[in-house]
Amino acid sequence: VVENDLEFNEKLVVRALLEAGKPIEVYFARTLPLQDQYDTSKANLEDVEAVIIRRGVEHKLEHIKDGRYRAGTLIAENGESYKLFVEWDGKVITAETRVPSSTTFQNGRVTLTIENEIDSVYHIEGLLTPREGAVYGVTWSVFNAQHQFAFEDDVIPVLLREEDKDLQNRLLLRTREIPGEIIKQWRNSLFIRVHAFDEQFYNFFITQDANRAT
């Protein structure tokens, strides 16, 4: 039996993903002692005081369910900045982010690479004109309107910054490898989805797996 003598320092947990065209939702919780079994009913917070500020106007966040809060009908918009101000149990947190502006993507195509003269590797790639303050990644997806069928890769292999652009001010973005069976069955229904994030997300992205042993 190992005695747990780790000092517990309660922290406020804040999580949100602002996506253009969708309502803004923020999750609030608190950390629990390591020796306690995790219980969402104890972690989720229902009494947080928080506002989102957009263009100098405050939008109060109201609790919906399970620690999730919404700012009324406020919708995230491309190119807009949002500030968060939070108070709970004597703790104060502030944050700021920007929803990236839309930009131009062109020359999307399926590429084939032959490895070891045996294996065929497929990707979708294309060129994007980056905007200042944003980073970009892509995933492949399948959409067949006739059959109302869609699925998508769930991994963005790399994020590129404005400083990664070429001499023509473009980024070359490439999806993760597309399985051969997907190419064979759905080649005519393949699409590429561009994901744009605030540049602050980049450092998190490149370190999110840093604690893995493999």
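Arg 15, Ala 16, Leu 17, Glu 19, Lys 22, Pro 23, Glu 25, Val 26, Tyr 27, Arg 68 and Arg 70 line the second largest pocket. This is a predicted model, in which local features need pLDDT of at least 70, side-chain atom pairs count only at pLDDT 80 or more, and totals for chains, interfaces and linings use all residues. Residues are numbered from 1 along each chain as its sequence is written, and side-chain values use heavy atoms, with hydrogens and water left out.

A pocket here is an open set of points on a 1 Å grid over the protein atoms alone, where a 1.4 Å probe fits, with protein on both sides within 12 Å along at least five of seven lines; its lining residues have an atom within 4 Å of a point. Volume is the space filled by probe spheres set on the points, which are joined across faces, edges and corners. For the second largest pocket that comes to about 170 Å³. Its lining splits into five nonpolar, no polar and six charged residues (Ala, Val, Leu, Ile, Met, Phe, Trp, Tyr, Cys and Pro are nonpolar, Asp, Glu, Lys and Arg charged, and the others, Gly among them, polar). Strand β2 gives the most to this lining, with four residues (strands are DSSP runs of E, at least two residues, and helices runs of H or I, at least four, numbered from the N terminus).

Now for the largest pocket, with about 1,400 Å³ of space. It has 38 lining residues, and Leu 17, Leu 18, Ala 196, Phe 197 and Asp 198 lie nearest its centre. β15 supplies the largest share of the lining, six residues. By type, the lining holds 23 nonpolar, eight polar and seven charged residues.

Next, the sheet. Four strands form an open sheet in the order β4-β3-β7-β8, with antiparallel pairing (two strands pair if DSSP finds at least two bridges between them). β4 (57-60) and β8 are the edge strands, each with a single partner, so one side of each is left without a neighbour in the sheet. Inside the sheet, β3 (residues 49-54) and β7 pair in the antiparallel sense over five bridges, and Ile 52 sits opposite Leu 84 in β7.

Last stop: Thr 40, in helix α1 (residues 40-43). Thr 40 and Ala 29 are eleven residues apart in sequence and 8.6 Å apart in space, C-alpha to C-alpha.
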